Amino acid sequence: QVQLVESGGGSVQAGGSLRLSCAASGYIYFVVYRCRGWFRQAPGREREGVAAFGGEETTTYADSVKGRFTISKDYAKNTVYLQVNSLNSEDTAMYYCAAAESSTCGSNWPDPRRYNFWGQGTQVTVSS
């Protein structure tokens with residue numbers, strides 16, 4: 001079994017920044033070189049893919065966050081990060097990390113159904 005634990009969320013003013021972390025534990029071999037994604041879900045809205053980090057170290061982003069968010073991975077710490085900058089009210093949501101069993105993320109990386117493991121989420125609230 002694999003456990004993913006997010007942290008780093010909080011309340012910030014518009015224009016602010018946060019660094020979200022997603023630490024993996026358990027059978028980490030299942031995820032350490034696999035596709036890892038960050039998603040978010042606001043009340044009343046569907047879960048949205050934000051960014052993904054492929055096993056081949058490729059990164060991809062949703063258009064809404066390009067240039068503002070950066071996904072990275074620390075293999076030694078089994079942790080994936082999401083640096084979120086220039087936040088605005090549209091970024092307010094619960095942020096979740098996820099891991100797939102495949103090494104490549106592929107063009108369907110934003111589809112939550114392709115991910116096998118999920119964290120419990122960390123809340124990001126942006127005030128204007």
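A residue is called buried when its relative accessible area is under 20%, exposed when the value is over 50%, and partly exposed in between, as computed with a 1.4 Å probe on protein chains only. By this criterion Phe 39 is buried, because its relative accessibility is 0%. The structure is a predicted model, in which local features need pLDDT of at least 70 and side-chain atom pairs count only at pLDDT 80 or more, while totals for chains, interfaces and linings use all residues. Residues are numbered from 1 along each chain as its sequence is written, and side-chain values use heavy atoms, with hydrogens and water left out.

Helices (H or I, at least four residues) and strands (E, at least two) are taken as DSSP runs and numbered from the N terminus. Two strands are regarded as paired if DSSP finds at least two bridges between them. Strand 9 is largely enclosed by the rest of the structure, because six of its seven residues are buried. Strand 4 and strand 9 run antiparallel and are joined by six bridges. Strand 9 also pairs in the antiparallel sense with strand 11, which spans residues 122-127, over three bridges, and within this pairing Met 94 has Gln 123 of strand 11 as its bridge partner. Two bridges join strand 9 to strand 10, and these strands likewise run antiparallel, with Ala 99 standing opposite Phe 117 in strand 10.

Arg 40 belongs to strand 4, which covers residues 36-41, and stands opposite Tyr 95 in strand 9. With a relative accessible area of 6%, Arg 40 is buried. The side chain of Arg 40 is joined to that of Asp 91 by a polar contact of 2.8 Å; such a contact is a pair of N or O atoms within 3.5 Å, where within protein one atom must be able to donate a hydrogen and the other to accept it, and where residues adjacent in sequence count only if both atoms are side-chain atoms. When residues up to four places away in sequence are not counted, the residues that Arg 40 touches include Glu 46, Glu 48, Ser 64, Phe 69, Glu 90, Asp 91 and Tyr 95, contact being defined by heavy atoms within 4.5 Å.

Two disulfides are found in the structure, a disulfide being a pair of cysteine sulfur atoms within 2.5 Å. In one of them, the sulfur atoms of Cys 22 and Cys 97 are 2.0 Å apart, and the link is right-handed because the torsion about the S-S bond is about 60°. Cys 22 lies in strand 3 (residues 18-26) and Cys 97 in strand 9 (residues 93-99), so this pair ties together parts that are 75 residues apart in sequence. Both Cys 22 and Cys 97 are buried.

A disulfide also joins Cys 35 to Cys 105, with an S to S distance of 2.1 Å, and this link is right-handed, with 110° about the S-S bond. The link connects distant parts of the chain, 70 residues apart, since Cys 35 lies in the loop between helix 1 (29-32) and strand 4, and Cys 105 in the loop between strand 9 and strand 10 (117-118). Cys 35 is buried at 0% relative accessibility, and Cys 105 is buried with a relative accessible area of 5%. When the bonded cysteines of the protein chain are numbered in sequence order, the pairing reads 1-3, 2-4.

A search of the whole structure finds three aromatic pairs. Rings of Phe, Tyr and Trp (its six-membered ring) pair if their centres lie within 6.5 Å, and planes under 30 degrees apart count as stacked, over 60 as edge-to-face and the rest as tilted. Phe 39 and Trp 118 form a tilted pair, at 5.0 Å centre to centre and with 55° between the planes. Phe 39 lies in strand 4 and Trp 118 in strand 10, so the pair ties together parts that are 79 residues apart in sequence. Trp 118 is partly exposed, at 28% relative accessibility. The pair of Tyr 115 and Trp 118 is edge-to-face, because the ring centres are 6.1 Å apart and the planes stand at 65°. Tyr 115 is buried at 5% relative accessibility, and Phe 39, Tyr 115 and Trp 118 form one aromatic cluster.
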